[in-house]
Amino acid sequence: MKKTAIFGALTVAGLMAGAAGAATLDDVKARGKLNCGVSTGLAGFSNPDANGNWEGFDVAVCRAVAAAVLGDPQAVEFVPTTGKTRFTALASGEIDMLARNTTWTLSRDADLKFTFVGVNYYDGQGFMVPKELGVSSAKELDGATVCIQTGTTTELNLADFFRKNNMNYEPVPIETNAEAQQQYLAGACDVYTTDASGLASTRATFEDPSAHAVLPEIISKEPLGPLVRHGDDEWGDITRWTLNALVAAEELGITSANVAEMAASAGDNPEINRLLGTEGNLGEMLGLEADWAVKAISAGGNYGEIFESNIGESTPIGLARGLNAQWTDGGLIYSPPFR
């Protein structure tokens, strides 16, 4: 979910001074595993299953990076973080990357000194209410109590929306999505607000999802994506181009089912050849093996496969591609060229 850069700027900046020059790729290889920061639990995005195995849309990005770097998508230590702790965990070096529904903002780039490596989900803030409340628009929420995660951009967006519409509200601060769900269902707040994708994820876990409505208003832009520390461009390139490889693979028709066959020998499409390492030396440029992208795509599939299997319309989360469709299908998902 969207997270504000206000908290702990000086603390994070101080931690950055010690971690900025670290060669993360060397650390990950020496350790033999990737430390990836995720949420404390958000169905479809990052959540442990009944056996404690992490799964989800963001988890798949972590596993793809581990596969590209270490050759093993299971070589990941998942570190649960809250809206408040995630930035400190990344700045201090506790985690190598953060993949946790985090919004790309200027202050997180320039003040907290993080590098967003791309957008893996274009989102916006919305509102969920019990249908019995009889509300059909967010503009009918004057005087409502609102559950809101602390340490997030959601707080600022909420204040701006109510101010612009000359309405009042009473915030009910919560730390995690699990706490938000508990408080909301217990009636401690009339409304829960967060990213629309997070609302869909939360509602899908309710005993009766149909008793709750996500209101039509989207009040912000929330480009969500993985991030790393400033000061280690080599590691930033690896995480960025791993994400791009998943996106490009979908556009180029490369899937988890056919990637091995397509990588066995060079074909007629030069960009596919370069991506899969049968032509050129892109892997070497990144400090990785020639088949780094093959391993990343094999880990969980291309971007479309990852989307559909974790949060797509056939899952309980039920999200349509929308803005997250490929650019060739009218969406915003787009990879720079592999050349």
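## Ground rules

Because the model is predicted, local features need pLDDT of at least 70 and side-chain atom pairs count only at pLDDT 80 or more, while totals for chains, interfaces and linings use all residues. Residues are numbered from 1 along each chain as its sequence is written, and side-chain values use heavy atoms, with hydrogens and water left out.

Helices (H or I, at least four residues) and strands (E, at least two) are DSSP runs, numbered from the N terminus.

## Helix α9 and its two partners

Let's start with helix α9 (residues 233-252) and helix α13 (residues 292-300), whose axes come within 10 Å and cross at roughly 70°. Axes here are lines fitted to C-alpha atoms, for helices over the stretch in contact, and angles run from 0 to 180 degrees between N-to-C directions. The two helices α9 and α13 are therefore roughly perpendicular (65 to 115 degrees; under 35 is roughly parallel, over 145 roughly antiparallel and the rest oblique). Their crossing is right-handed, a term for the near helix being turned clockwise from the far one by less than a right angle, with anticlockwise giving left-handed. On the α9 side, W241, T242, A245, L246 and A249 meet W292, A293, A296 and I297 of α13 (contact means heavy atoms within 4.5 Å). These contact residues of α9 and α13 divide into 8 nonpolar, 1 polar and no charged. Ala, Val, Leu, Ile, Met, Phe, Trp, Tyr, Cys and Pro count as nonpolar, Asp, Glu, Lys and Arg as charged, and the others, Gly among them, as polar.

Helix α9 also meets α3: their axes come within 10 Å and cross at roughly 115°, and this crossing is right-handed. A64, V65, A68 and V69 of α3 make the contact with W235, I238, T239, T242 and L246 of α9. Here the residues divide into 7 nonpolar, 2 polar and no charged.

## Aromatic pairs

The model holds 17 aromatic pairs. Rings of Phe, Tyr and Trp (its six-membered ring) pair if their centres lie within 6.5 Å; planes under 30 degrees apart count as stacked, over 60 as edge-to-face and the rest as tilted. W54 and F78 form a tilted pair, 6.0 Å centre to centre with 35° between the planes. W54 lies in strand β3 (residues 54-55) and F78 in strand β4 (residues 76-80), so the pair ties together parts 24 residues apart in sequence. W54 is buried at 14% relative accessibility, and F78 is buried at 9% (buried means under 20% relative accessible area, exposed over 50%, partly exposed in between, with a 1.4 Å probe and protein chains only).

The rings of F57 and Y121 have centres 6.2 Å apart and planes at 85°, so this pair is edge-to-face. F57 sits in helix α3 (residues 57-70) and Y121 in strand β7 (residues 121-123), so parts 64 residues apart in sequence are tied together.

## The buried side of α8

In helix α8 (residues 196-204), the buried residues are S197, G198, L199, A200, S201 and T202. They pack against β7, β8 (125-130), α7 (177-185), β11 (191-195), β12 (212-214) and β13 (222-224).

## Two positive phi angles

Most residues other than glycine have a negative phi. N101, however, has a positive phi near 40°; N101 lies in the loop between β5 (97-98) and α5 (106-110) and is buried, with a relative accessible area of 3%. K113 has a positive phi near 65°. The loop between α5 and β6 (114-116) holds K113, which is partly exposed at 36% relative accessible area.
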